[in-house]
Amino acid sequence: SKLEMFVDELPDMPRIHSYRVLNGVPKSKPLKIGMFKKKWKFHRDLPPTTVYAFGKTKHTATVPGPTIEALHGVDTHVRWQNHLPSKHILPWDPTIPTAITNTTRGIPTVVHLHGGIHAPESDGSANAWFTSKFNERGPTWSRKTYHYPNNQHPGNLWYHDHAMGLTRVNLLAGLLGSYIIRDPVVEEPLGLPTGDEFDRPLVVFDRSFRTDGSIYMSSIGNNPDIHPQWQPEYFGDAIIVNGKAWPRLTVRRRKYRFRIINASNARFFRFFFSNGLRFTHVASDSAYIEKPVTTNETLVGPSEITDIVVDFSQSKTNVAILANDANYPYPSGDPVNQANGKVMKFIILPDQEVDTSRLPRRLVEYPVVDLSSVTHTRYVAMYEYASKIDEPTHLYLNAKPFDAPVTETPRVGSTEVWYVINLTEDNHPLHIHLGLLKVFDQTALVELEELKECMKKKNDAVKCNLKKHARGKKVVVGDHEKGWKNVFKMIPGHVTKIAVRFSYLHTNASYSFDATAEPGYVYHCHVSTHSLTIYFVQYHDILTIF
Ligand code: C2O
């Protein structure tokens with residue numbers, strides 16, 4: 001049976017401020033945010049769905065969770081509390097490395113602030129999970145309250161579960177939300193649309209449902225002899241924005257700012273407007289870009305954030321459908337269909353509005369990458385190889401599983417150049433914790449089979465003569481993607497050159513991290529069935545900062 005589109009109003013998730021202003025001075029306000037099992041209405045005609053939701057209380061918990069509003073330079077302290085009963089609402093697979101193999105004593109969760117620059121103990125490491133009342137704790141669990149210093153530049157982050165082997169199901173169940181760092185000193189002069197009505201997060205993901213309203217996830221693995229349930233990707237046909245399937249929003253004829261987070265497991269979105277309205281990019285994940293960039297469409301991989309201004313006064317029609325035409329898996333999978341090719345509907349009021357917001361010529365400038373200060377060049381290869389049990393689809397970063405010893409040990413404050421070599425068929429969004437990255441270029445690899453064979457044998461890009469192979473066509477990286485980011489799309493059959501910086505960009509604040517407390521940080525593919533289920537899925541490596 002089909003659900004009618006555009007019948008639910010777009011919600012705005014509750015906003016929780018992690019500070020309060022006393023006599024004009026902002027002060028940190030400690031937060032307690034729980035994870036609750038509850039019912040959530042995804043659509044007018046769909047029975048309520050059992051979900052896991054973040055919120056201050058069970059009653060106010062939402063999917064996605066509340067938007068956390070943080071202020072640059074003011075600490076956020078959150079006690080993330082797990083109130084989830086034992087049995088998981090989704091099928092999961094104990095044959096992949098998982099926090100615990102049976103959840104009779106509670107469901108392991110841990111929260112990662114994606115894009116945050118903070119100490120390892122607050123990073124939400126996959127092994128720092130805990131169950132209800134902290135009854136069970138993972139091997140690297142160390143604290144109940146997490147601390148995010150918000151010393152980084154203003155920008156868009158999001159928080160989500162990161163528990164070993166359960167991330168994919170915990171996210172599908174609803175454990176995610178957005179987090180905004182604001183800095184009035186930097187942002188007010190820009191004059192962009194502001195206020196809860198004109199500056200809104202849009203958290204977008206795909207889900208499938210059974211007719212009883214429950215989330216549908218196949219409980220049979222694609223290789224059930226080995227993994228009874230695990231599948232390499234999850235795709236759903238219903239497109240959910242801020243917790244409603246294909247919602248609608250009535251807007252005024254003026255500019256709006258939308259911070260769009262792709263919180264899907266594996267779906268890429270290439271957004272465009274049915275009536276030709278355009279996007280003006282102002283920021284991305286983590287940071288602003290240097291000047292606004294206008295495009296007709298925008299490709300957003302899993303966990304990427306695109307921050308755009310849409311000027312509805314330019315609309316020639318009174319209705320605009322936000323649509324999607326990205327194949328799934330991206331880029332060589334199925335074309336979109338009637339359902340997943342539509343995202344939401346904007347109904348544009350007929351009267352022109354007075355709009356005092358503007359798009360400045362320049363946004364925010366960041367330090368340029370000084371190549372002479374680059375301390376290391378690293379090669380990161382993504383490729384598939386047969387496992388011991390001869391399963392063909394084990395995907396690793398540099399052939400290392402998640403639990404392999406630390407391979408990268410960059411110094412705080414350093415900048416490195418990484419060549420990411422994608423020898424697989426799919427586009428993989430590579431995400432780096434703590435660091436920020438800047439994309440230089442993406443170059444097609446020639447004589448790919450030869451390179452693959454060599455990498456399988458030697459696992460060494462220099463010995464395999466990467467230079468010789470990296471002379472195909474260069475892909476133009478969009479101007480809106482040239483800023484500092486924390487995740488980027490690694491094109492199959494290409495090498496992507498990035499600068500990685502392990503520090504804040506805009507402040508002089510320095511780290512005082514005790515790296516012995518935790519094994520450090522991770523980088524991984526953000527198709528969450530790839531990275532965070534860890535078995536033949538890892539794109540995951542540990543990165544120690546010291
Ligand atoms: Cu968005 Cu390691 O996570």
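Modeller: Two strands pair if DSSP finds at least two bridges between them; strands (E, at least two residues) and helices (H or I, at least four) are DSSP runs numbered from the N terminus. This is a predicted model, where local features need pLDDT of at least 70, side-chain atom pairs need 80 or more, and totals for chains, interfaces and linings use all residues. Residues are numbered from 1 along each chain as its sequence is written, and side-chain values use heavy atoms, with hydrogens and water left out.

Biologist: OK, which residue in β10 stands opposite Leu113?

Modeller: Leu113 belongs to β8 (residues 111-114), where it points one way with Val111 while His112 and His114 point the other way. β8 pairs with β10 (residues 155-161) in the antiparallel sense over 4 bridges. Opposite Leu113 you'll find Tyr159.

Biologist: Why is the pair of Phe42 and Phe209 tilted rather than stacked?

Modeller: Rings of Phe, Tyr and Trp (its six-membered ring) pair if their centres lie within 6.5 Å; planes under 30 degrees apart are stacked, over 60 edge-to-face, the rest tilted. By this rule there are 21 aromatic pairs. Here the centres are 5.1 Å apart, and the pair is tilted because the planes stand at 45°.

Biologist: What about Tyr379 and Tyr419: how many residues apart in sequence are they?

Modeller: Those rings have centres 5.4 Å apart and planes at 15°, so they're stacked. Tyr379 sits in β25 (residues 374-385) and Tyr419 in β27 (residues 415-422), so the pair ties together parts whose separation in sequence is 40 residues.

Biologist: Which residue has its charged end over the ring of Trp40?

Modeller: A charge sits over a ring if NZ of Lys or CZ of Arg is within 6 Å of the ring centre and within 35 degrees of the ring normal. For Trp40, the distance from the ring centre is 5.7 Å, and the residue is Lys244.

Biologist: What is the mean pLDDT of the chain?

Modeller: pLDDT is the predictor's confidence in each residue, from 0 to 100. It stays under 50 over residues 508-519, but 84% of the chain's residues reach 70 or more. The mean is 87.

Methods
Buried means under 20% relative accessible area, exposed over 50%, partly exposed in between (1.4 Å probe, protein chains only). Contact means heavy atoms within 4.5 Å.
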